[in-house]
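Q: I have a new model open and would like to learn how to read it. Could you walk me through a few features?

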Amino acid sequence: MKKVQSTCNYCALDCNLDFYVENDEIVKVVPTKGYPVNDGFSCIKGLSLDKQQSVVKGSNLPRIRQEDGSMKEVSWEEGFNHVASKLKEISEKYGPESVAGISTGQLVMEEFAVLGHVMRNYLKANVDGNTRLCMASAVVAHKQSFGFDAPPFTMQDAELSDTVVLIGANPVVAQPIFWGRIRNNKNKKLIVIDPRKSETAKNADYYYGLNWKSDLALFYTVANILIEKDYVNHEYVEKYTSGYEEFKEFVKKYDLAYGVKATGLTEEQIMEFVELIHSGERVSFWWTMGVNQGYEAVRTIQAIINVAAMTGNIGRPGTGANSITGQCNAMGSRAYSNTAGLFGGGDFDNQARREAVAKAIGWEADELVTKPTIPYNAIVEGINAGEIKALWVLCTNPRHSWINNETFAEATKKLELFVVQDIYDDIESTEDCTVFFPVVPGIKKEGTYINMERRMSPMRPVLERKENELSDYEVIVGVGKALGMGDKLKGFETAKDCFYTMQRCAKGMPCDFSGLTWEALENSKGVQWPFREGDVLESDQRRLFEDGKFYTADQKLHFVFEDVRENPLPTTEEFPVVFNTGRGTVGQWHTQSRTREIEAVCGVSAKEAYILVNTEAAKEAGINENDKIRVYSINGHNAEFIARLTDDVRYNELYAPIHYIECNKLTASLYDPYSKEPSYKATPVRFEKVGGNK
Ligand code: SF4
């Protein structure tokens, strides 16, 4: 029996798993003992990866839509030629920006890179990823505050912290292995800040149930009081930060009275939070989608970073302003997709970086794409406006997950070429596709993942491929060849070639991994970047900024701040209720596509869309447990849900799990102005019992 250690490709923990294989069948899956992330534990999703073996129904060949609407199976060669000729034709007829792609945080690093090479460098098209939906706000905040998109922590910091602050994060359900690390820390105080009394909030020592989208107001108020009380680490601020004096002046107006009014918390709660931050020796701040997915998310994240910095809680064990990532390779997509930044990081208008990257891939600098991609929302809007005519969607399901998802459904009907590439041929996004490319699941492919603490780990094939089974990497290269790229694909021929090409691109950058080899990653404990040539791995827990040096030009952390904005989409008389969204259960995959084969998950998951309704509000509306209710959104759409009554949501709040397509039918098109990440969490709605009065 052979054993293959590989990486779980569901969430951003990137747990490692040992797959035991006999006669090309997985006999058992065992979480890797001693792996720094999960050390012998995993959740049900990782343990069930063996179920994802051959998930495309029928053959493994591409399909092309015919005039009568049917899909015809064709050879891979024909599929590649068809897509390449349509891409060329559309690009020549309407311009290169009439072509776009939407990828994911699920691919391996090398697949992002080759896609960015073919679509962006060669075709000059726009390509964004569904990482825009979850991490874009953290990326922008990191770049402005730290000088690079560099999550500073190692996961062990959750165990070393004496004060753990979770903001808009529910790891009990969303990152269970990470939650285990927090729970193992017996010496901590756990503070949870969330409007909803989430599963994590119920486990908190201190729970602050603030008003929706008032976290920026809270952190400015807290900063002001910390300054007033002189609870500031002046030595750290002076040595390692810039902009503090301006920030100090700026937050003066955010006094306690303001904080109470804005957040709905009491004076005592805010003062208690301030004292907890001050009394902690090692305070760590962790946030995720409750913060990232907001209309002023970037500034909120930076307010958290500012509070961590002014109290000296960065760069020491158990501290940090730490972004919890969503998808398994969001970090790989951020650094190596050639979308918002060049391969290995750096802006498209930075000539020195352009030249370094061009040299690394054997091109001239002026051949590289000259600007960042337009963001996801602009791609969908561009299709609806008739400006974008071709779309290639890889391993994501935007018909379900995109905010205000009917806008995506409208868009796809207008496309001349709509390619969907996925391991499933029946996800909602395939409805109107003109070409379907079936690809193998992760257990049959190879490449590199980067988790939320910057740890690189390998995915290695556990099972042999069957006839005509291709990986995402091979399909992208196949299209590149059919486009006539020829020598322009040099250095990208295989995933392993691409690994070394990316290594050259990242040399000298914060995410430098020139000290690694493809082979050294195998059966390892993973390696957190940076890991430069000549570096010695002294620990498998490495955090950034221990020396107080940041990646900005002056090597200091920058205080970035801006006034709290009016909510662009407040509740109204007609829509008086806040529609909040998030993960429903530990087991379910976002759009459920990847967990439907897991009986243990399906068996306990609701089949129909359900929604949490406050008990008292339900009583007043004559709604009983499991009644159907209709929710009307300010975005003009409505949908039906099964009502589940609970006191965990507020009187004027509904909470809908993201796993059902109805959820994002109701979210409204609102974005952070800097990151363009959608604001999923607080859409004004009203509701009624089905059969009631509108
Ligand atoms: S916690 Fe995340 S990475 Fe770990 S097994 Fe579960 S889904 Fe996979």
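A: Gladly! Let's start with burial: a residue is buried if 20 or more other C-beta atoms lie within 10 Å of its own. Keep in mind that this is a predicted model.

Q: How many residues of helix 4 are buried?
A: In helix 4 (residues 136-146), 10 of the 11 residues are buried, so the rest of the structure largely encloses this helix. Among the buried ones are Ala136, Val139, His142, Lys143 and Phe146.

Q: What covers the buried residues of helix 4?
A: The cover includes helix 13 (289-292), helix 14 (297-310) and helix 15 (330-336), along with strand 13 (320-323) and strand 20 (557-558). Look also just after helix 4, where glycine 147 has a positive phi of about 90°.

Q: How do I read the way helix 3 and helix 20 cross?
A: Angles under 35 degrees count as roughly parallel. Here the axes of helix 3 (residues 109-122) and helix 20 (residues 472-482) cross at roughly 15° and come within 9 Å. The two helices are therefore roughly parallel to each other, and their crossing is left-handed.

Q: Which residues meet there?
A: From helix 3 come Glu110, Glu111, Val114, Leu115 and Val118; they meet Asp472, Tyr473, Ile476, Val477, Val479 and Gly480 in helix 20. By class, this contact has 7 nonpolar, 1 polar and 3 charged residues.

Q: And what about the whole chain?
A: The chain has 25 helices and 26 strands. Its radius of gyration is 24 Å, close to the 26 Å that the globule rule gives for 694 residues, so the chain is as compact as a globular protein of that length. Buried residues make up 58% of the 694 residues.

Terms used:
Residues are numbered from 1 along each chain as its sequence is written. This is a predicted model: local features need pLDDT of at least 70, side-chain atom pairs count only at pLDDT 80 or more; totals for chains, interfaces and linings use all residues. A residue is buried if 20 or more other C-beta atoms lie within 10 Å of its own, exposed if 12 or fewer, and partly exposed in between; C-beta atoms are placed from the backbone. Helices (H or I, at least four residues) and strands (E, at least two) are DSSP runs, numbered from the N terminus. Two residues are in contact if their C-beta atoms, placed from the backbone, lie within 7 Å. The radius of gyration is taken over C-alpha atoms; the globule rule is 2.2 Å times the number of residues to the power 0.38. Axes are lines fitted to C-alpha atoms, for helices over the stretch in contact, and angles run from 0 to 180 degrees between N-to-C directions. Angles under 35 degrees count as roughly parallel, over 145 as roughly antiparallel, 65 to 115 as roughly perpendicular and the rest as oblique. A crossing is left-handed if the near helix is turned anticlockwise from the far one by less than a right angle, and right-handed if clockwise. Ala, Val, Leu, Ile, Met, Phe, Trp, Tyr, Cys and Pro count as nonpolar, Asp, Glu, Lys and Arg as charged, and the others, Gly among them, as polar.
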